[in-house]
Amino acid sequence: MSRTRKRLDIDTFVARLAAAYPLWRAPIITFIANRGATPFEILVSTILSLRTKDEVTGGAAARLFATARTPEQVLALGEAEVARLIYPVGFYPTKAKRLMEISRMLLDVHRGEVPDTMAALLALPGVGRKTANLVLVEGFGRDAICVDTHVHRISNRIGYVRTRTPEQTEMALRRKLPRRHWVRYNELLVAFGQTLCRPQSPHCSRCPVSDMCPRIGVTRSR
DNA sequence: AAAACGGGGGC
DNA sequence: GCCCCAGTTTT
């Protein structure tokens with residue numbers, strides 16, 4: 001490891017990625033984009049997406065929203081029917097149960113509305129920091145950083161942060177990353193992580209920022 | 001810190 | 001067929 005390596009220039013990094021993903025706009029979860037989705041739909045979509053590929057999640061969300069787009073409608077549908085509709089997203093029995101609990105709680109505690117604070121979102125069953133931040137960004141237009149495994153892995157791989165947990169990554173990015181880059185960095189790293197900067201075998205030969213990456217030649221690539 | 005929770009897709 | 005992938009809760 002060279003000690004003369006220069007610090008990562010985050011402006012150049014973001015600009016290079018943006019040039020490489022010119023059509024990428026807005027969605028941290030792809031299928032949420034440009035549909036005028038309500039905060040409840042965004043929350044439900046995000047729950048469905050956890051540890052599940054976007055294509056699978058999109059189908060499940062479409063089937064569910066065809067009949068239920070509000071907490072009342074989800075409750076009316078019933079847990080078994082919700083489970084049937086969202087299959088085959090990962091952990092679908094647990095998610096069906098959570099969606100019932102969340103809908104109940106939104107009605108009982110939040111007058112049927114999705115709350116717009118981190119604390120209130122985290123108090124919902126099945127909602128962790130990733131989900132809460134995603135709802136804040138996509139549903140309420142807040143400046144938040146939604147750290148999924150892509151953001152966590154790549155932020156560390158390029159040496160921009162050195163952290164153990166996603167929460168530590170979130171806090172480090174809030175300190176280091178200029179606020180004007182938050183959403184863009186977030187969106188681009190998800191796209192980048194899904195396509196090129198894979199966990200085990202990143203496609204370094206096609207990577208637009210490989211020359212800025214201290215892990216090139218260290219991470220097993222192809 | 002590590003297991004549990006269910007599935008899809010790539011190889 | 002086996003390994004990789006993706007958050008939150010619980011032990």
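This report covers an annotated cysteine site and a pocket in a predicted model.

## Annotated binding site

An unreviewed UniProt entry carries the annotation "binding site" for Cys197, Cys204, Cys207 and Cys213. These residues are spread over 17 residues of sequence yet cluster in space, with a largest C-alpha distance of 10.9 Å. Cys197, Cys204, Cys207 and Cys213 are also included in the lining of the largest cavity.

Cys197 lies in the segment after helix H11, which spans 182-195. Its relative accessibility is 8%, so Cys197 counts as buried, the cut-off for that class being under 20%. Leaving aside residues up to four places away in sequence, Cys197 touches Arg153, Ile154, Arg157, Phe192 and Pro202.

Cys204 is likewise placed in the segment after H11. Cys204 counts as buried because its relative accessibility is 15%, which is also under 20%.

## Second largest pocket

The second largest pocket has a volume of about 340 Å³. Its lining consists of 15 residues. Of these, Lys6, Arg7, Leu8, Asp9 and Met212 lie nearest the centre of the pocket.

By class, seven of the lining residues of this second largest pocket are charged, six are nonpolar and two are polar. Among the residues nearest its centre are Lys6, Arg7 and Asp9, which belong to the charged class, and Leu8 and Met212, which belong to the nonpolar class.

Notes:
Residues numbered from 1 in each chain as written. Chains lettered and ligands numbered in written order. Predicted model: local features only at pLDDT ≥ 70, side-chain atom pairs only at ≥ 80, totals over all residues. Heavy atoms only, no water. 1 Å grid on protein atoms, 1.4 Å probe; cavity = no way out; pocket = protein on both sides within 12 Å on 5 of 7 lines; lining within 4 Å. Points joined across faces, edges and corners; volume = space filled by probe spheres on them. UniProt positions renumbered as here; feature names shortened; annotations may be inferred. Helix = DSSP H or I, 4+ residues; strand = E, 2+ residues; numbered from the N terminus. Buried < 20%, exposed > 50% of the residue type's maximum accessible area, 1.4 Å probe, protein only. Contact = heavy atoms within 4.5 Å.
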